Amino acid sequence: MCSYVPEEVVIAAGVHPWHAVGSFETRLSKATVYRSVNLDSHYTGVLESILAGELDFLDAVICSNRDDDQRGLHGVVQSLGKFRLVYCLATPHTETPPTLRYFAGQIAQFTAALESLGGQKVTTESLRQAIHLCNETRRLLRAVYELRKRRRPTLLGSEVLSIVAAARVMAKRQFNEELGQLLPYLEERRAPLPYERPRCLITGSNLDDLRYVRLVEEVGIVVAMDDLDGGARYCWADCALSEEDIMTSLAKRYLSLPDDARQASWERQLARLINWVSEFNVDGVIDLPILCSFPREMRTPFLTKNLEEAGIFFLRVERDYQYAQSGQLRNRFEAFREMLSR
Amino acid sequence: MLWFEKEILRNERRIARIESSPDPTKLRCNKTFYECQRDLRVAQLSALRENKPLTYYAGLGFNPLLRALGFEVLDVGLITDRIVGETDLVSRSRDLLMSLGLPDRACDRTTYPIALATLGELPQPSCIVASNASCQLHLHHNLEIAKIFNVPYYTLDIPIEKNAAAIAYVADQLRDLIAWVMCNVPGITYDEERLFEWLDADRRWSENLHQVYLLRKKKPCAVAARDGFREETPASDYPESTREKMVNWAREYAEELSERAEQGKVPNEQLRFLWCTSGPHYHPELFTMMERAGVTIPSYHTCATHGWYMVDCAVCGHLTQFGRVDSPLEEVARLAVCGTWSGPTDFWVSDVLFAARDVAADGVVYFVPRGCPQTAPGQRLVVDRVRSELGIPVWAPEAAMIDAGGYDPMRMESMMSDFIDLCLAKKAERGAGMPLAPAAEA
């Protein structure tokens, strides 16, 4: 459920990590019995999928508490009694020595819970192997992202995000093998793009329905980069193994990875965004927050003010998790393209 | 500045009214409460004028430490509650929030302080301490306020666990916080003896409030609905000069309830409601209506107070509910950790169940602040479990706390009336005097 749940631990415990996507239906009749309309529609969508039986193949649902709403969803899912394990990983909102120490302990507890689920002891060696495997996935994905820096990218933004989506559900070894074989082709490919500018960076969270990204591309904007948990934020940081305790290494990786508005490090998030705008030669930033994703929305005045001061064109459009109101969105994106093209 | 002066005058008017023509249906100790409120604003105004270190409320449990460090603490949430009567300010705040791109459907108690700060209605703090002890949006609004005023900030993380490890974790961060504050704010020093004094005052306040709680639980409850809907504020919410007065207010409160019970001066109780989380502060008539219908509120359960005074847990230097004797800093950590607002949903739901059983409630009003990611997800679970395990009705209205825009008071009163009728019917079915299952420790 959450990009702060260490996949390495899941893999080392012999469990297959699967990023749960919520229902893309616009009518969520089952979930709205449990959830108000004034809550994040991503979590409502996930609950709808669960209640509809679409996720019955899962043995466990793992959430984190970096978001009050996600923690609340955990409580509801736990009450349903559908899964063998429903776990909420305590994830600190900030990175300091005390929080690192605590998070390392929490990951150790999480490991023990997964051992019971998978029936497989997690050893230092199995964790190291899992870390190497996941780091390789991230390296390969970053190689794909490098291709987006080109004046004429070899992939559409929506294609890149589809590849990341695959990484989050496929067996890592198989994914690494297949992407490794695909990369040489991607390096030579010409993306089906009739234009090279303007270029944008899309930021947001839980942008699972890629029709939003395709809509941006349809109106004539190159999606050159993203700041999404299902995109660059998933693969930008490796887990650095050192002499310290392996749980501490994992805690460091997950607390220092490119984070989103739910974490308290707003300056770091802004600096990274501005850096990516420069690195990927981006003309403007499109923020697509989910309606009622309140922690993200709380950051808006800070982000707007600072992007303006940095001279970066910025468009913010609230959306549902489920693809909706494409007509209105198209108008907004077209107007933004016009502005960027001047 | 103007707001503080207006608040001082408002409380002085209330005090004068009580002195000249006291309402026999209201608590006498309200006078002491308003005096404390007045003194709090006087101290805050004085701190501003003398340029003393000031910070904003950091979340449940941290005031003793912030005061021991020498800060004057601004209770921004409660200040925001007070603006409900100022429709122009609410309207300007709403428009500003929309123009800033802030969520209009989020909890207004967390978004309106941002508007007030931007409009210049709140003073510049020396620094901000942000935590998720009250909730995550509170953490974020404090971050935003730090950015507005361009002041340094420190973030405290409150875990979901409610155990000794969680206390140790938060205490670890508090040690780090103390070092940070002393580096970043001139004039700040840490004195553990001062912290002990603040915690001791809160302990005595808590012991008195526990007596109040025990008295309010009696049948009939001696507190009518209007007086029942009041958020209790610990002694550490007040300046040092008013600290003992607030401890004494809690004692006066207990004595007055005891006296009322002895003299039979209690409301004509027909129903007992557990009122949870918060409420529409702009609609006091709702509580007047409840009072007329014979509804008492034995407990206004803000879901923060279980570990403070609901159960008989001594604090600071004594064995607490986690089976340990805490140092002063660990006690601050315990107060932050034991609040349910940062905890898992099942803890939250169990807490409401415990409270409803403990006060022998005939009905539960589970108020959901509009756009609250903490109370809203648990709503269905609370409703289902209270109905199935306690057999009493639950009403879960959703509305804003500060902004009455879009709120229909007549519809709300009509629904309250229906709820009262339902509770009366269910009570009659249960048979008068049949107790609920005994309360187990949550």
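**Salt bridges, whole structure**

I started with salt bridges and ran the search over all chains of this predicted model; it came back with 67 of them.

I picked out A:D260 first. Its side chain meets that of A:R233 in a salt bridge, 3.8 Å from N to O. I then looked up where the two partners sit: A:D260 is in the loop between α10 (246-256) and α11 of chain A, while A:R233 belongs to helix α9 (residues 232-235) of chain A, so this pair ties together parts that are 27 residues apart in sequence.

Buried or exposed, I wondered, for A:D260? A:D260 counts as buried, at 3% relative accessibility. A:R233 counts as buried too, at 4%.

Next I noted A:D287 and A:R296. They form a salt bridge whose closest N and O atoms are 3.5 Å apart, and both residues are buried.

In chain B I looked at B:R272 with B:E269. Their side chains meet in a salt bridge at 3.2 Å, N to O. B:R272 is buried with a relative accessible area of 1%. For B:E269 the value is 17%, and because the cut-off for buried is under 20%, B:E269 still counts as buried.

**A network in chain A**

One network joins A:D40, A:R66, A:D67, A:E95, A:D227, A:D229, A:R233, A:D259, A:D260, A:R262, A:R268 and A:R272.

**Where chain A touches chain B**

Then I turned to the interface. I find 48 residues of chain A in contact with 46 residues of chain B. The size of an interface is often given as the accessible area lost when the parts come together, so I looked that up as well. Chain A and chain B bury about 3800 Å² between them, with 60% of it on carbon and sulfur atoms.

How many salt bridges does the rule find across this interface? I get 2. One salt bridge I looked up by name brings together the side chains of B:K147 and A:E267, 2.7 Å from N to O.

Which elements supply chain A's side, giving two or more residues each? They are α3 (68-80), α4 (97-118), α11 (266-279), α12 (294-298) and α13 (300-309) of chain A. The most comes from α3(A), with 9 residues.

Last entry: I sorted the residues on the side of chain A that touches chain B, and they divide into 21 nonpolar, 15 polar and 12 charged.

Conventions:
Residues are numbered from 1 along each chain as its sequence is written. Chains are lettered from A and ligands numbered from 1 in the order in which they are written. This is a predicted model: local features need pLDDT of at least 70, side-chain atom pairs count only at pLDDT 80 or more; totals for chains, interfaces and linings use all residues. Side-chain values use heavy atoms; hydrogens and water are left out. Contact means heavy atoms within 4.5 Å. Buried area is the accessible area (1.4 Å probe) that two parts lose on being put together, summed over both. A salt bridge is a side-chain nitrogen of Lys or Arg within 4 Å of a carboxyl oxygen of Asp or Glu. Helices (H or I, at least four residues) and strands (E, at least two) are DSSP runs, numbered from the N terminus. Ala, Val, Leu, Ile, Met, Phe, Trp, Tyr, Cys and Pro count as nonpolar, Asp, Glu, Lys and Arg as charged, and the others, Gly among them, as polar. Buried means under 20% relative accessible area, exposed over 50%, partly exposed in between (1.4 Å probe, protein chains only).
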